[in-house]
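Here is a short report on one protein chain. Have the sequence and the 3D view open as you read.

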Amino acid sequence: QVQLVESGGGLVQAGGSLRLSCAASGSIFSINFMGWYRQAPGKQRELVARISRGGITQYADSVKGRFTISRDNAKNTVYLQMNSLKPEDTDVYYCNAESLRAGTSYSYWGQGTQVTVSS
């Protein structure tokens, strides 16, 4: 099992910045990818960014050049630095960890943190 605890959401004006953090605990040795997804009411959860244990990153087109994902493997923590925020970035952001154990993949989610960008 993997537990994820998120922090760093809040209210910010358009053009501002926020930094999300997500700390993992439990079976952390099995985690490969960690990342962030977001979901608006009535919509599907979508990938924002993710990063592998080795540092390979993947971003949604809508956040490229504005968001940066990073990872501290020693602290089992992933960060999402969000700059130049737009009102359309308003969503609940969820931390995700993907682990592989005995050939089976598992996906774990945090509780979600609200990000609100005012115009």
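## Ground rules

This is a predicted model, in which local features need pLDDT of at least 70, side-chain atom pairs count only at pLDDT 80 or more, and totals for chains, interfaces and linings use all residues. Residues are numbered from 1 along each chain as its sequence is written, and side-chain values use heavy atoms, with hydrogens and water left out.

Helices (H or I, at least four residues) and strands (E, at least two) are DSSP runs, numbered from the N terminus.

## An open sheet

Strands of a sheet pair through backbone hydrogen bonds, either parallel or antiparallel. Here two strands count as paired if DSSP finds at least two bridges between them. Four strands build an open sheet, in the order β1-β3-β8-β7, with antiparallel pairing. Its edge strands are β1 and β7, and each of them pairs on one side only. From one strand to the next, the twist averages 15°. For such angles, axes are lines fitted to C-alpha atoms (for helices over the stretch in contact), and values run from 0 to 180 degrees between N-to-C directions.

Look at the joins. β3 and β8 run antiparallel and share six bridges. S21 faces Y79 of β8 across the pairing. β7 and β8 are also antiparallel, with six bridges. There, I69 stands opposite L80 in β8.

## Strand β7 and its two faces

In a regular strand the side chains alternate between the two faces of the sheet. β7 has a covered face with F67, I69 and R71. Its uncovered face holds T68, S70 and D72.

Take S70 in strand β7. S70 has 31% relative accessibility, so S70 counts as partly exposed. Contact means heavy atoms within 4.5 Å. Leaving aside residues up to four places away in sequence, S70 touches I51, T77, V78 and Y79. S70 and I51 are 19 residues apart in sequence, yet their C-alpha atoms are 7.1 Å apart in space.

## The nonpolar core

A nonpolar core is a set of buried Ala, Val, Leu, Ile, Met, Phe, Trp, Tyr and Cys residues joined through side-chain atoms within 4.5 Å. The largest one has 27 residues. Which members touch the most other members? They are L4, M34, W36, L80, M82 and Y93. Several strands supply at least two residues each, among them β1 (2-7), β5 (46-51) and β11 (113-118). β3 gives the most, with four residues.

Not counting residues up to four places away, its partners include L4, C22, I51, I69, N76 and C95.

## Aromatic rings

A pair of aromatic rings is described by the distance of the centres and the angle of the planes. Rings of Phe, Tyr and Trp (its six-membered ring) pair if their centres lie within 6.5 Å; planes under 30 degrees apart are stacked, over 60 edge-to-face, and the rest tilted. By this rule there are two aromatic pairs. In one, the ring centres of Y37 and W109 are 5.0 Å apart and the planes stand at 75°, so the pair is edge-to-face. Y37 lies in β4 (residues 31-39) and W109 in β10 (residues 104-109), so the pair ties together parts that are 72 residues apart in sequence. Y37 is buried at 17%, while W109 is partly exposed at 37%.

The rings of Y106 and Y108 have centres 6.5 Å apart and planes at 20°, so this pair is stacked. Y106 is partly exposed at 32%, and Y108 is buried at 10%.

Charges meet rings too. A charge sits over a ring if NZ of Lys or CZ of Arg is within 6 Å of the ring centre and within 35 degrees of the ring normal. The charged end of R45 is over the ring of Y94, 3.7 Å from its centre. R50 lies over the face of F33, 3.8 Å from the ring centre.

N76 is not a glycine, yet its phi is positive, at about 55°. N76 sits in the loop between β7 and β8. This hairpin has four residues between the strands. N76 is partly exposed, at 22% relative accessible area.

A102 is another residue other than glycine with a positive phi, near 50°. A102 lies in the loop between β9 and β10. Is A102 buried or exposed? At 86% relative accessibility, A102 counts as exposed.

Terms used. Buried < 20%, exposed > 50% of the residue type's maximum accessible area, 1.4 Å probe, protein only.
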